[in-house]
Amino acid sequence: MKLKKSKKKEILKKKERLELLKVKLKTDFVGIDNIIDDVVSSISPFYLFPESIKRPIVINLWGMTGTGKTSLIESLVDFLKQKHCFVKFDVGEYCDSD
């Protein structure tokens, strides 16, 4: 299947935006470059080809409190202007503390 020229241009522009996102996140969040690469790679199909995604993309992050997990994802969502399709589910909110 051949893509229209306008669609190719849109995809290339989005790929550039993902690369800029990686640079920004790696500047803001020091020492987690591999995690940033993995997260951006995980969301790339959704961002580049949203019409082809049949199921939601789920990104699981775990770690100690205060390591920047939520901030990282919120920065990503803000940068890509995807708040309209972002749902945060914090398992810690549902755990019994007893």
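These are my notebook entries on what I looked up in this structure, which is a predicted model.

**Entry 1: the overall layout**

I began with the secondary structure and found 3 helices and 0 strands in the chain. I then looked up the extent of the C-alpha trace, which spans about 60 × 30 × 20 Å along its principal axes. Of the 98 residues in the chain, 24% are buried.

**Entry 2: two helices side by side**

A reminder to myself: a pair of packed helices is described by the angle between their axes and by the distance between those axes. For H2 and H3, I noted an angle of about 40 degrees and axes 12 Å apart.

**Entry 3: salt bridges around Lys 7**

Another reminder: side chains of opposite charge can pair when their charged atoms come close. My search of the whole structure gave 7 salt bridges. I looked at Lys 7 and Glu 10, whose closest N and O atoms are 3.8 Å apart. Both residues sit in helix H1 (residues 5–28), and being 3 residues apart there, they are separated by about one helical turn. Is Lys 7 buried or exposed? Lys 7 counts as buried, since its relative accessibility is 19% and the cut-off is under 20%. Glu 10 is partly exposed at 35%.

Lys 7 also forms a salt bridge with Glu 51, at 3.5 Å from N to O. Lys 7 is in helix H1 while Glu 51 is in the loop between H2 and H3, so this pair ties together parts 44 residues apart in sequence.

**Entry 4: another pair, and a network**

Next I turned to Lys 83 and Asp 78, which meet in a salt bridge of 3.3 Å, N to O. Lys 83 is exposed, with a relative accessible area of 59%, whereas Asp 78 is partly exposed at 42%. I then noted that shared partners join Lys 7, Glu 10, Lys 14 and Glu 51 into one salt-bridge network.

**Entry 5: a nonpolar patch**

Last, I checked the surface. Which residues make the nonpolar patch of about 270 Å²? I listed Ile 35, Ile 57, Ile 59 and Leu 61. I located Ile 59 in the loop between helix H2 (33–48) and helix H3 (69–80). Ile 59 is partly exposed, at 31% relative accessibility.

Terms used:
Residues are numbered from 1 along each chain as its sequence is written. This is a predicted model: local features need pLDDT of at least 70, side-chain atom pairs count only at pLDDT 80 or more; totals for chains, interfaces and linings use all residues. Side-chain values use heavy atoms; hydrogens and water are left out. Patches are made of residues with over 30% relative accessible area and no salt bridge: like charges are joined within 9 Å, nonpolar side chains (Val, Leu, Ile, Met, Phe, Trp, Tyr) within 5 Å. Accessible areas come from the Shrake-Rupley method with a 1.4 Å probe; for residues, only the protein chains shown count as cover. A salt bridge is a side-chain nitrogen of Lys or Arg within 4 Å of a carboxyl oxygen of Asp or Glu. Helices (H or I, at least four residues) and strands (E, at least two) are DSSP runs, numbered from the N terminus. Buried means under 20% relative accessible area, exposed over 50%, partly exposed in between (1.4 Å probe, protein chains only). Axes are lines fitted to C-alpha atoms, for helices over the stretch in contact, and angles run from 0 to 180 degrees between N-to-C directions.
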